[in-house]
Amino acid sequence: MFNKIFKYDFKFVFRLWWIYALITAGLALIGGALLRGIIEFITANIDNFLFYILAFLGFFTVIIGLCCFPLAAVIICLVRYYKNFYSDEGYLTFTLPVKRTSLLNSKILTFLLFEIMSVAVLIIDIYLILVIGIKGFHTELANLLPMLLDELKEIWNPSLTADVIIFPFLLLASALMGINLYYLCFTVGSVISKRYKVLAALGIYLGVSVAMSFIQQIISSFTISNLMFTSITYTEFATNGAEFTIYLGLMTLLYGGIAIGAYFINLHCIKNKLNLS
Amino acid sequence: MSILECRSLYKNYGNKRVLENMNISVPAGKIIGLLGPNGCGKSTLIKMICGLLVPSSGEIWVDGMPIGPQTNGIISYLPERTYLSNGMKVIDLIDYFCDFYRDFDRKRAMKMLQDLMIDPASRLRTLSKGTREKVQLIMVMARNAKLYLLDEPIAGVDPASRDYILQTILQNYNPEATVIITTHLIHDIERILDEFVFLGFGGEIVMGGNADDIRGQYGKTLDELFREVFKYVQ
């Protein structure tokens, strides 16, 4: 039954998401053209104030539009979660012959997949802007890459190896924490309030965010404070990065722990504390 | 064998006790009216049977199984509210029910839609509230469920629609199944009931039994009897 519920969740989000994805592709094309125009005008020393103003404004709008894209995916997933679970649709969702665990897992997997897909689309969009906007982009990249790799070889150390290994886990833990916290806030908001579920969810999320940043600051003050508050070069930072590795490890554990905790609290509420209107 | 059993069932909302030590055994193959004044716990009981609410204590067994996904597979539930997603087409809804319920009869659903001249390609948001409610009733009654739970199916609809709803229930329910109908509009449904239960506040079973026997015994309709029993409660 998980496959079936996942199919419907995925279809619902995809139905809106692909339109936004297409819009961002269009924006990327416009952004690339604007960037090319700006570079060409600057190279040719053309002094056209109106063009520069409009081109920069246009380019800025494109960048804002692209940055909003992952946010749009988040909003679509949250709307799906809220409507499917806590609006009147919940009367159908929770009377399907499907385990509550499957219902929640499907929502989490859908959210995670669309976050990854949105980031992938964003990377492609940025690539498009650069390819269109910068003449001979690939040649410049081919020149730049060996230099970057040489520099990386110079500063490479065991600590950086550990960082590279930990980083994907940190990203995954951070994404799962975000998803589970969003969902938990909606669930708790629905449990404590029948009329103002969304408002209650927002309030809870605000409180959780403040608490999270407080914990994060405590951890960083014990681990990377000397790296953050002293002026050091990138090379020094990278070569003395054991503290940074510990910080990354602790944050991964913290995010993972919160994700797991939020998941089980949410599941408990969905199983035992449903508060449909 | 009973299709539904509630044993020592309690339900509290905070400090307020809605159901207190309720014990009920419902036989298979009957149409049963769960009748009681507003706020006596009819909908709460139905929601607990569907798994939407968890009892404070006690047990509920449906067809010998505790409440869970398996029991949801044999219960067809019509809530008071319209639970359909407005963005869906009627045909998508039929596919959805086919996907999740093995006992869903697609042909029967299409036939009922045709009888009501509802275009399966139409989106639910384009239909009137009354038509959406009818679509929901069709989805519920197109299943060959073992237990139908119909929570206030005729509340808030005009008399002609009430007749249609009751006719749909009678024509389409699986004859081996049990139908539990909650309502306080007894006059309209009493002709279709085999059995009835008068539920008082706190889930107390004030009176119950075979509808015809009681009518014969008291020389009154269920509606008249209900008014007499709950005269002071309202």
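Student: Is A:Leu274 buried or exposed?

Tutor: Keep in mind that this is a predicted model, where local features need pLDDT of at least 70, side-chain atom pairs count only at pLDDT 80 or more, and totals for chains, interfaces and linings use all residues, while side-chain values use heavy atoms, with hydrogens and water left out. Buried means under 20% relative accessible area, exposed means over 50%, and partly exposed is in between (1.4 Å probe, protein chains only). A:Leu274 has a relative accessibility of 9%, so the label is buried.

Student: Which chain B residues is A:Leu274 in contact with, leaving aside its neighbours within four places in sequence?

Tutor: Residues are numbered from 1 along each chain as its sequence is written, and chains are lettered from A and ligands numbered from 1 in the order in which they are written. A:Leu274 sits in the segment after α10 (242-272) of chain A. Contact means heavy atoms within 4.5 Å. On its own chain A:Leu274 touches A:Tyr86, A:Phe94, A:Arg100 and A:Cys269, and from chain B the partners are B:Leu52 and B:Leu53.

Student: How far apart in space are A:Leu274 and A:Phe85, C-alpha to C-alpha?

Tutor: In sequence, 189 residues separate A:Leu274 from A:Phe85. In space, their C-alpha atoms are separated by 9.1 Å.

Student: How many helices does chain A have?

Tutor: Helices here are DSSP runs of H or I with at least four residues, and strands are runs of E with at least two, numbered from the N terminus. Chain A has 0 strands, and its pattern along the sequence reads α-α-α-α-α-α-α-α-α-α. The helix count is 10.

Student: In chain A, what share of the contacts between residues at least 6 apart in sequence join residues at least 24 apart?

Tutor: For context, chain A has 277 residues, of which 40% count as buried, and its C-alpha trace spans about 65 × 45 × 35 Å along the principal axes. The share of those contacts that join residues at least 24 apart is 79%.

Student: How many of the residues of β9(B) are buried?

Tutor: Strand β9 (residues 195-199) pairs with β10 (residues 205-210) in the antiparallel sense over 5 bridges, and with β3 (residues 31-35) in the parallel sense over 4 bridges. Both faces are covered, with B:Glu195, B:Val197 and B:Leu199 buried on one side and B:Phe196 and B:Phe198 on the other. β9(B) is largely enclosed by the rest of the structure because the buried count is 5 of the 5.

Student: What is the relative accessible area of B:Glu152?

Tutor: B:Glu152 is in the loop between β7 (147-151) and α6 (159-172) of chain B. Beyond its neighbours within four places in sequence, B:Glu152 contacts B:Lys42, B:Glu80, B:Thr182, B:Thr183 and B:His184. B:Glu152 is buried, and its relative accessible area is 9%.

Terms used: Pairing = 2+ DSSP bridges.
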